[in-house]
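Please have the structure open as you read.

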Amino acid sequence: MLATSASALIGASMLGHAQDVLTKTDVGDKTPHLNFSLQEKSALVTGAARGIGRAIAVALAAAGADVMGLDICAVAAPNLVYPPATPDDLAETGKMVEAQKRRWIGVTADVTSPTNPHESLQRALCRLPVQRSVGFS
C-alpha cells in the first residue's frame, strides 16, 4: 500500500511537471550559436513565420546573411491541427533577424500554388536589392 501511494505521488508530480512544460511558451536559450560566417550572403527561408523556419532565419542572420522569409501566413493544409502562422508572426521573425543587424524582407506567399508555383517566388525575388556579381579568374 505504501509503495502504491508513493508511486501515485511520484506519477502525479511528474504529470504536473509535464503539463508545465506543455504550457510553457519560452523554450529556453534562443541565442544562435555558430561556427561559420555567411557575411555578404543572402538566404531565402520558407516557412519563416514560426518554428523551424524562424529558427533557421535567425541563425542564418546571426551567421551574417541577409534573409528573405516567405510564409503562407494562412492554413497551409486542411489536415493541420495547429493554428496557422500570421503576418504578425512573420513580422516578429523579421524583428529577430534585424536584431542580428541584418537586412530582412518578409513576404507572404504560397510557394505551393498549383496554378504557378514559381509566381510567388518570382514576386519575392523582385524585392531583393541588385547585387554586383564577382568574377573569378
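Let's begin with K95, which is found in helix 3. This is a predicted model, and in it K95 is exposed, because its relative accessible area of 54% is over the 50% cut-off. Follow the chain back 37 residues from K95 and you come to V58, whose C-alpha lies 9.5 Å from that of K95.

Now for the inside. Which residues make up the largest nonpolar core? There are 11 in all: V45, A48, A49, A57, A61, V67, C73, A85, L90, V97 and W104. Helix 2 (51-62) and helix 3 (87-98) are the elements that give two or more residues to this core. Another core, of five residues, lies apart from it, with M68, L70, V107 and A109 among them. In soluble globular proteins, nonpolar side chains tend to be buried together.

A57 is a handy place to look at the packing: leaving out residues up to four places away in sequence, A57 touches V45, V67, T93 and V97.

Our last stop is D66, in strand 2 (residues 66-71). Is D66 buried or exposed? D66 counts as buried, because its relative accessibility of 11% is under the 20% cut-off.

| Side chain | Partner side chain | Distance |
|---|---|---|
| D66 | R102 | 3.1 Å |
| D66 | R103 | 2.8 Å |

Beyond its neighbours within four places in sequence, D66 is in contact with K41, S42 and A43, as well as with R102 and R103.

Key:
Residues numbered from 1 in each chain as written. Predicted model: local features only at pLDDT ≥ 70, side-chain atom pairs only at ≥ 80, totals over all residues. Heavy atoms only, no water. Core = buried A, V, L, I, M, F, W, Y, C linked by side-chain atoms within 4.5 Å. Buried < 20%, exposed > 50% of the residue type's maximum accessible area, 1.4 Å probe, protein only. Helix = DSSP H or I, 4+ residues; strand = E, 2+ residues; numbered from the N terminus. Contact = heavy atoms within 4.5 Å. Polar contact = N/O pair within 3.5 Å; in protein donor to acceptor, adjacent residues only side chain to side chain.
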